[in-house]
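Hi everyone, thanks for coming. Let me bring the model up on the screen, and then we can walk through it together.

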Amino acid sequence: MSDRYNPQEIDGKWQQRWAEDKLYQVSEDDPRPKWYALTMFPYTSGDLHIGHWYAMAPSDVHARFKRMRGYNVLHPMGFDAFGLPAENAAIKRGIHPFTWTMKNIENMRCQLKSIGAIYDWSREAVTCLPEYYQWTQWFFLKLYHAGLAYRAKAPVNWCPHCQTVLANEQVVGSGVCERCGTAVTRRDLEQWFFRITRYADELMEHRSIDWPERIKTMQRNWIGRSTGTELSFALDHPGVEEKEIRVFTTRPDTAFGVTFMVLAPEHPLVTRLVSPDRRAAVEEYVARSRQQNDIERLSTERERDGVFTGAYAINRLNGERVSIWIADYVLMGYGTGAVMAVPAHDTRDFDFASKYNLPIKVVIAPAGWQGEELEEAYTEPGIMVNSAQFTGLPSQQGMDAISDFLEEKGWGKRTITYRLRDWLISRQRYWGAPIPIIYCDSCGIVPVTEKDLPVLLPEDAEFKPTGESPLKYNRQFVNTTCPQCSAPARRETDTMDTFMCSSWYFLRYASPGCHSAPFDRRLKYWLPVDLYTGGAEHAVMHLLYARFFIKAIRDMGLVDFDEPFTRLFNQGTIIAQKHKMSKSRGNVVTPDGYVSELGADTVRVYLMFIGPWEQGGEWNDSGISGISRWLNRVCGLVVEEYQMKPEAVTGDNKVRGDLQRATHQTIRKVTEDMERLRFNTMVAALMEFTNHLAKVKESGGLAASAWKEAIDALLLLLAPSVPHLAEELWMRTGHEYSIHNQRWPEWDETLAEDEEITLVIQVNGKLRDRIAVPASITEVEARQLAAESTRVKPYLQGKEALKTIYVPGRLVNIVVK
RNA sequence: GCCGGGAUGGCGGAACUGGCAGACGCAGCGGACUUAAAAUCCGCCGGAGCAAUCCUUGUGGGUUCGAGUCCCACUCCCGGCACCA
């Protein structure tokens, strides 16, 4: 075997050996503390690109590090296998989605194996297999029985391209489909929802978890909790049963400033309130806003418009009659779908009032206000005016005072509203887990009984997208009998959102092979996940759903923890040609060529080295040769015989001390960087150490035993990053297999301490000299040396020394005038 | 518009808690080895200047003995949210 780094020879060899020895198979029966390191599983789109490797290689390095630090590490892998892209790809190619997906999995599994990770493949989870989705369905039933799954007719997001409905979270940007980027439209459909809103308050709370601030903020914004007051306006319309319209406001203090009301076009009262002369205009407006997609409707560029209904309501606080309008800037899905308009103190209402010449009544006085008309809405706090008995109060107090008053009178109530909507999980597509529900003409909605799970996805469905679930046309699937009355009945033909599958996959890894339940008591050992790594794009989708899911099953007594992922870390995105890699964009860079040519270890290190992990960056392979060169040098350093020069025997001490110090400093640095997931500087430290070793070797001034100690430390520190090469060199240096079962080296703080430091001497903060001094130097000595420095003296000439600052171990700064 | 994150050599990036700016690597330049090339090894490598020295962390101000780091204002880039009453 050559002395050079030869990845083609060693990568496969060790991967095979590790697999044969089941080196990375983990068990719960282990005295070490557990560590559950999870990387978001990939979608089965075909093959893995560099972006996937960027997610997986560094997390594997960290998991290996934890393993060497004495943890029993679970680092599993699986496949997110249901969903639209597979179905679309299958349609395009005329292959069955199952065939397509399984072929992709095989390929991806192969790629994943080539990176040399410690995945325990015996725990693999594949969401599209009946043995998995049976439990997805089982959880659906649990949620159903707990009252957390319900069916309702609602205006929902419809993607015309994907031909299915989408959850709110899956509509991104200015109202486009998260998957395909098509503008989403509205449809009124009867769909299945999960009651995630019941957990809104708890989901707002991230106190017990260590997550990036950014993600926590995104989740909080998404949930959008706002506190305010719901109050009613009196209605008196002949033929209209309702005697009030309820509105939600966060500004009850402005209630005396209401000059009109606005209802959402979809508001149920609209058709009944509209006066005959306004009916045509109102109907036209309603029809128009229904047609518009969210991009048009929600665009803030567009001027707000609306129409008068011809109806009026009474502001109970002051008895004033206010006109009722409809406008599409009021959303049916938020609050009560109706707002009180206070143009003086709300920018939207101000614009609307200006456009339609509606009155503007000031009730919160800006500082120095003399009763003049406002140029724009005044939205800040101030002193209340024109507000009957509340006049003169600061508006913040007014909020409480008016809320109290409304509650006393029974006209209103303090409330909390959320932006978060219930999670819509129905999908009118084939490639997903069937919703285990049966419709019976006499019994209504009947859940499938547990023992009848899984509801198998039939293989022979016509899976073309028709806008209706393809399963609808599969009579064998649809026709069944009612579990309650045994009469002929129909199955639900929609499938579940794939985010349902990914809301619990991390539980399955903890209980592979469990056939009687989704998981068994082994779950208690592993969960929650200690470190979850993946992309930030899942902030308000997967990460929110999974939290909801765990809280829901916790309340059923199925698990005993509150949060699935104790610590979350988002690696950055690898981009190519300014864009995130994606098949549709055609800018995908495959790792395979790099791996086969330069070795898995080289690619692993390069991905860590390009920059801070959380930052990501543009893919550029120009630096990868530096990693190859380095690993080659490491190889030469370790493999080629070390020889002490005879004349060096007496000079041994200094070289030895320096090397020992470098060794311990490197152990410290690498350990600390590993803990903080600072892989780029960790690699740099190892390179520096290698450079130091090369100089030592060149000098030949060291006893062979000391040399060997340093090399051993180097190999151990390298092991998580370059598992194949480290294993090879470990063997070549005469150690016992396997380096991956060794303990991580410890550093000794005293041995790591510098003996000599560079003392920087400044005059007025400018660097003037640096001198090498013993680390033990005293302040007095340092000040004296500084004052005596010949390079410093000219700057002190003829100046008055005001003071001298001394920073131990760093510098002396002489301040002169 | 609002909320995050960021801006440092030709490039990716480093810099503890306010204390030597540019670690480590890429590219480049020079040299050694070689018939030659590749590979490898050694040296140089922010800008200006012969030099002493001066300038330099997006821009402008401030605090400090001392600022890439702290404060204020601004510009640009990236990400998220965006009529949420």
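In Arg629, a polar side-chain atom lies 2.8 Å from a phosphate oxygen of RNA strand B. I count a polar contact as a pair of N or O atoms within 3.5 Å; within protein, one must be able to donate a hydrogen and the other to accept it, and residues adjacent in sequence count only if both atoms are side-chain atoms. Before going on, please keep in mind that this is a predicted model: local features need pLDDT of at least 70, side-chain atom pairs count only at pLDDT 80 or more, and totals for chains, interfaces and linings use all residues. Residues are numbered from 1 along each chain as its sequence is written, chains are lettered from A and ligands numbered from 1 in the order in which they are written, and side-chain values use heavy atoms, with hydrogens and water left out.

Back to the RNA. Lys803 has a side-chain N or O atom 3.5 Å from a phosphate oxygen of RNA strand B.

How many residues surround RNA strand B? There are 53, and the closest are Arg304, Tyr334, Arg348, Arg770 and Asn813. Near here means that a heavy atom of the residue lies within 4 Å. Sugar or phosphate accounts for 62% of the RNA atoms within 4 Å of the protein, and bases for the rest. Helix 22, residues 679-699, gives the most to this surface, with six residues; helices are DSSP runs of H or I, at least four residues, strands are runs of E, at least two, and both are numbered from the N terminus.

Now the rings. The structure holds 47 aromatic pairs, where rings of Phe, Tyr and Trp (its six-membered ring) pair if their centres lie within 6.5 Å; planes under 30 degrees apart count as stacked, over 60 as edge-to-face and the rest as tilted. Trp423 and Tyr545 are stacked, because their ring centres are 3.7 Å apart and their planes at 5°. Trp423 lies in strand 19 and Tyr545 in helix 17, so the pair ties together parts that are 122 residues apart in sequence. Both residues are buried, meaning under 20% relative accessible area, with exposed over 50% and partly exposed in between (1.4 Å probe, protein chains only). Ring pairs also link Trp423 and Tyr545 into a cluster, with Phe140 and Phe548 among the other members.
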